[in-house]
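Subject: Handing over the structure

Hi,

Here is the structure I promised to pass on to you. Have a look at it first, and then read on for what turned up in it.

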Amino acid sequence: MRIPERVVIRYLGSVPNGWTEVFQNHSLQLGAAPDVPALIKACDDGARAIIVPFQNSQNSASQRDFVKINNAIGEHAANRGTLVIVAVANTAMLRNDLLWLTTATTDTNAREENYVRPYIKELDSPHPAAELAELCRRHHPGPQLNKNTAFKRKGMRTIPIPGETLLSRAFLDYSKLTVSPLHGGRSIAKDVWHVTARDGNRFAATPFVVKMGPLEIVETELNNFEDMIMDSVPFPYRPPTIKDRCVSGKTQRLLVTKFIADAVELEDYILKTEPTAAVNLLFDGPLSNWRKQSRPERMQLALEYAKHWVLPSLPADLANLNAAFLGAQRIVKDILDPSAMLKALNGLPKTRVRACRAHGDLHLRNIFVRQFSGEAMLIDFARCTGQAPSTFDPSTLDVALAFDLPSGQPNFTLEALGRLYSVPLLGTKHLVSGRYKHRLAAIKQVRKRAAELVVDTREYDISVACRLLWFSRKFKNPTTYFCANRIVKDLTKK
Ligand SMILES: Nc1ncnc2c1ncn2[C@@H]1O[C@H](COP(=O)(O)OP(=O)(O)OP(=O)(O)O)[C@@H](O)[C@H]1O
Ligand SMILES: [Mg+2]
């Protein structure tokens, strides 16, 4: 999308003499807005910035007015990408007025440049207008609102606020959007939608996926994509992110990618299809470049996994293992409690590993398989990380294959799990097949491919134990705790 420039600036009240020309020199059109409704309309019409002069805070009525203005336009403007500048006449200010103004306009949930903030300007500065114009120029408003967007919702009654506003900006170049929910995710970014867009000539774009979430969370995923995916995961194996459409509001931001057509999540693929070839194509496709560039390192793995939030790093997180521990005690009496478990893992010596980038959340709904070729594609780079043990991703997938089952499906038997999770995990195992033969075949192949970069087989055992504990913590699962306990006890025995 080519984003049209936003050049209009609106000033509450009369524009001071000479300012319009100064703004013109910055290629901006400054004009007056008589009142707050006019400012609100200016935001809807795509103003780049609005300027609210703040003069006499000595007068409490004026403070109240200001708070009213702030409440009326702050969020409205931020969700439309319009910068709000409070221009303060410094000579009229006392120190505590400045403090009051800063408090009244600060919102820690919002990105600073998208929220009302005081722009403190000394009246006797030689170029106040030029400085304000420069401030407006430096602001990146993103696309403006498309007031003509028609929404069609499928499978959802409403689009959560500020979804419609942000979507209409993200797809400014289309007039009709059809939005339906996508399920599968379990993270904080709960609003994930399939979006089709048509323009006035009824031309339909190929479908998009839009995820709406808190500013910082979406920004992290976007940065991960730019820093760790775009240039390093081979092109056809991940959907592109369309940065210009990733618009920000006051507290929420959109992440816009392309929908992967003709593919199914590995979770569904594996129900009907033998997955060995797909697992191979996962290692030979999306993961290949990272793994090709692995480097030898020595790592204290428990420490490393605490850094990546797989193991608890805070005492409060440790308590989250209690439910799983108590449940596991019902399976077998003699079991390490959470702090003994962590102590045992932390007490293990450094392990020789190969380190490479990792997806960080490689479960079966973050891998898509193309139905005809069996090729694998990755999505969801929120937890992507730099140098990590090469077994980080394989061990995550290993545990997901054994435990992250579609709801309503019975678990693996304890006997099968006992066999699956006995050290060394990379040793040959007779895996009983039956109901889960495809999942077991996938685990077998994941381990075979993981072994290619493993220098010391204990690395895989420890990585899996850590991921089992992550699962125990997140889903209060006693069986994963039981399996982790077996591995950790065996590792510390030797
Ligand atoms: N590019 C895409 N093409 C097709 N479907 C997608 C795409 N991106 C996301 N989805 C669907 O939306 C779901 C949620 O997306 P995503 O995994 O990015 O969100 P999440 O909430 O972070 O999930 P998680 O539980 O993995 O943290 C996916 O499991 C998948 O079903
Ligand atoms: Mg996901």
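Leaving out residues up to four places away in sequence, Ala450 touches Thr391, Pro394 and Tyr460; two residues are in contact here if their C-beta atoms, placed from the backbone, lie within 7 Å. Before going further, please keep in mind that this is a predicted model, in which local features need pLDDT of at least 70 and side-chain atom pairs count only at pLDDT 80 or more, while totals for chains, interfaces and linings use all residues. Residues are numbered from 1 along each chain as its sequence is written, and chains are lettered from A and ligands numbered from 1 in the order in which they are written.

Back to Ala450, which is found in helix α17 (residues 437-450). Helices (H or I, at least four residues) and strands (E, at least two) are DSSP runs, numbered from the N terminus. Ala450 counts as buried because it has 25 C-beta neighbours inside 10 Å. The cut-offs are these: a residue is buried if 20 or more other C-beta atoms, placed from the backbone, lie within 10 Å of its own, exposed if 12 or fewer, and partly exposed in between. Arg291 is 159 residues away from Ala450 in sequence, yet their C-alpha atoms are 9.9 Å apart in space.

Now the cores. A nonpolar core is a set of buried Ala, Val, Leu, Ile, Met, Phe, Trp, Tyr and Cys residues joined through C-beta atoms within 7 Å. The largest one has 79 residues, and Ile367, Ala465, Cys466, Leu469 and Ala484 touch the most other members. Helix α18 (residues 458-475) gives the largest share, nine residues. Domain 2 (150-258) and domain 3 (263-493) both contribute, so this core lies between them; the domain bounds come from an automatic or database domain assignment. Ala465 is in contact with Leu345, Ala484, Ile487 and Val488, setting aside neighbours within four places in sequence. Another core, of 30 residues, lies apart from the largest one and includes Leu30, Ala47, Ala133 and Cys136.

Next, the sheets. Five strands form an open sheet in the order β6-β7-β8-β9-β10, with mixed pairing; two strands pair if DSSP finds at least two bridges between them. β6 (150-153) and β10 (252-258) are at the edges with a single partner strand each, so one side of each has no neighbour in the sheet. Strands β8 (residues 191-198) and β9 (residues 208-214) run antiparallel and are joined by five bridges, and His194 has Val209 in β9 as its bridge partner. Helix α6 (residues 163-170) packs on this sheet, touching β6, β7 (176-181), β8, β9 and β10. Seven of the eight residues of α6 are buried, so the helix is largely enclosed by the rest of the structure.

An open sheet of three strands has antiparallel pairing and the order β11-β14-β15. Its edge strands are β11 (263-265) and β15 (376-378). β14 (residues 367-370) pairs with β15 over three bridges, and Ile367 has Leu378 as its bridge partner in β15.

Methods. Axes fitted to C-alpha atoms, helices over the stretch in contact; angles between N-to-C directions.
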